[in-house]
Amino acid sequence: MAEKLAVVTGASTGLGRILARLAAEDGHDLVICADEAEIAAARELKGIGVSVESHVADLATRDGIETFWRAIADREIDLFFANAGRALGHAFHDQDWDAVRHRIDLNVLQTTMLLHRMGRKMHARGAGRILVTGSIGGFVPGPYDAVYNATKAYLDSLVYALQDEWRDSPVTLTCLMPGPTETPIFHRESNDLEDTPIADSDSKDDPEKVARAGYKALMKGKRGVVPGWGSKLATMLAELVPQDLPAAVHKRGAKPSSDDPA
Ligand SMILES: NC(=O)c1ccc[n+]([C@@H]2O[C@H](COP(=O)([O-])OP(=O)(O)OC[C@H]3O[C@@H](n4cnc5c(N)ncnc54)[C@H](OP(=O)(O)O)[C@@H]3O)[C@@H](O)[C@H]2O)c1
């Protein structure tokens with residue numbers, strides 16, 4: 001057993017899996033959570049030599065959040081990675097309402113609820129570091145993934161507001177804002193992004209570099225990090241030009257090929 005504990009949501013694949021590995025390599029025991037029946041990542045992480053406790057919980061539900069929270073509420077947590085999230089492609093009016101609601105419940109409600117509880121807990125202890133996985137999508141309107149980008153705009157904004165409230169606090173809060181990064185998010189059937197230019201593109205960022213940038217920023221107590229020069233440039237331009245320009249760029253990557261006239 002290590003003396004430090006990290007909690008990671010969405011640790012089964014992609015960025016969360018790498019963030020969990022980086023925390024373990026840095027000597028943290030892990031409590032990880034995802035929605036899969038078996039978190040295969042747990043086996044890989046145990047190989048690093050720390051203790052790994054994995055929980056299967058659907059964090060898009062209140063029951064899932066409560067179950068997960070009960071598992072961690074009594075421990076002293078050094079690092080919290082609020083990372084679980086899902087996208088939802090296609091035009092808004094073509095999306096299934098339950099799927100839309102699920103993304104809002106998972107990306108917005110769940111993250112806010114766990115941040116609220118974890119924030120209180122860490123403040124009571126007087127220590128702790130939190131990394132929220134937002135997105136550069138939060139800076140631009142996202143045609144053909146509109147609700148997802150809106151959920152990330154909410155998270156980016158929430159984190160920056162809390163950083164101001166916690167300015168003099170020993171608890172740090174960092175926002176990781178990746179651009180398009182090569183993870184399973186683009187290829188999960190339920191995310192409905194497979195038939196899009198961005199899913200096919202081979203210019204997406206390397207998830208290892210993105211997660212490392214997030215971990216480094218977290219440990220330095222930085223307010224936010226946008227990994228990669230392409231994404232940095234995109235966020236700078238998004239603040240300078242009218243919103244319909246970045247929206248048009250987003251649409252080029254996110255509009256399903258099947259929606260284009262033959
Ligand atoms: N990849 C990108 O281009 C990109 C860019 C900006 C931001 N992000 C953000 O990065 C974060 C990680 O995404 P990723 O790219 O690494 O994609 P990913 O590989 O699809 O990872 C998503 C993780 O969230 C978990 N998850 C999804 N729904 C859940 C639920 N209902 N309850 C509990 N866990 C759930 C997944 O677990 P299961 O496998 O068990 O479902 C998985 O571990 C997300 O917040 C995403 O929005 C990604």
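This presentation covers the ligand shell of a predicted model, then an aromatic pair, and then several individual residues.

Colleagues, the structure before you is a predicted model, in which local features need pLDDT of at least 70 and side-chain atom pairs count only at pLDDT 80 or more, while totals for chains, interfaces and linings use all residues. Residues are numbered from 1 along each chain as its sequence is written, and side-chain values use heavy atoms, with hydrogens and water left out.

Let me begin with the ligand. The ligand is surrounded by 33 residues, and the closest are Ser-12, Thr-13, Tyr-148, Thr-183 and Arg-188; a residue belongs to these surroundings if one of its heavy atoms lies within 4 Å of the ligand. Which side chains have an N or O atom 2.6 Å from an oxygen atom of the ligand? One is that of Tyr-148, and another is that of Arg-188. Asn-83 takes part through its backbone, with an N or O atom 2.8 Å from a ligand oxygen. On its own the ligand has 890 Å² of accessible area, and the protein covers 98% of it; these areas come from the Shrake-Rupley method with a 1.4 Å probe, and for residues only the protein chains shown count as cover. Helix H1 (14–25), helix H4 (97–125) and H5 are the elements that give two or more residues to the shell. Helices (H or I, at least four residues) and strands (E, at least two) are DSSP runs, numbered from the N terminus. By residue class, the shell divides into 14 nonpolar, 13 polar and six charged. Here Ala, Val, Leu, Ile, Met, Phe, Trp, Tyr, Cys and Pro count as nonpolar, Asp, Glu, Lys and Arg as charged, and the others, Gly among them, as polar.

Beyond its neighbours within four places in sequence, Asn-149 is in contact (heavy atoms within 4.5 Å) with Gly-137, Gly-138, Val-140, Pro-141, Gly-142 and His-250. In the loop between strand E5 (128–133) and H5 we find Tyr-144. Tyr-144 has a positive phi of about 75° although it is not a glycine, and at a relative accessible area of 18% this residue is buried.

Strand E5 itself contains Thr-133, which is buried at a relative accessible area of 7%.

I turn to the aromatic rings. Rings of Phe, Tyr and Trp (its six-membered ring) pair if their centres lie within 6.5 Å; planes under 30 degrees apart count as stacked, over 60 as edge-to-face and the rest as tilted. The count by this rule is one aromatic pair. Phe-81 and Tyr-215 form a stacked pair because their ring centres are 6.2 Å apart and their planes lie at 10°. The pair links distant parts of the chain, with Phe-81 in strand E4 (residues 79–82) and Tyr-215 in helix H7 (residues 207–220), 134 residues apart. Phe-81 and Tyr-215 are both buried.

Helix H3 comes next. Its buried residues are Gly-64, Ile-65, Glu-66, Phe-68, Trp-69, Ala-71 and Ile-72, and they pack against strand E1 (4–9), strand E2 (28–34), strand E3 (52–56) and H4. Leaving aside neighbours within four places in sequence, Ala-71 is in contact with Glu-53 and His-55.

Finally, Gly-179 is placed in the loop between strand E6 (171–176) and helix H6 (197–200). Is Gly-179 buried or exposed? With 10% relative accessibility, it counts as buried. Gly-179 and Lys-232 are 53 residues apart in sequence, yet their C-alpha atoms are 8.5 Å apart in space. Gly-179 touches Ile-136, Asp-205 and Ser-231, residues up to four places away in sequence not being counted.

Conventions. A polar contact is a pair of N or O atoms within 3.5 Å; within protein, one must be able to donate a hydrogen and the other to accept it, and residues adjacent in sequence count only if both atoms are side-chain atoms. Buried means under 20% relative accessible area, exposed over 50%, partly exposed in between (1.4 Å probe, protein chains only).
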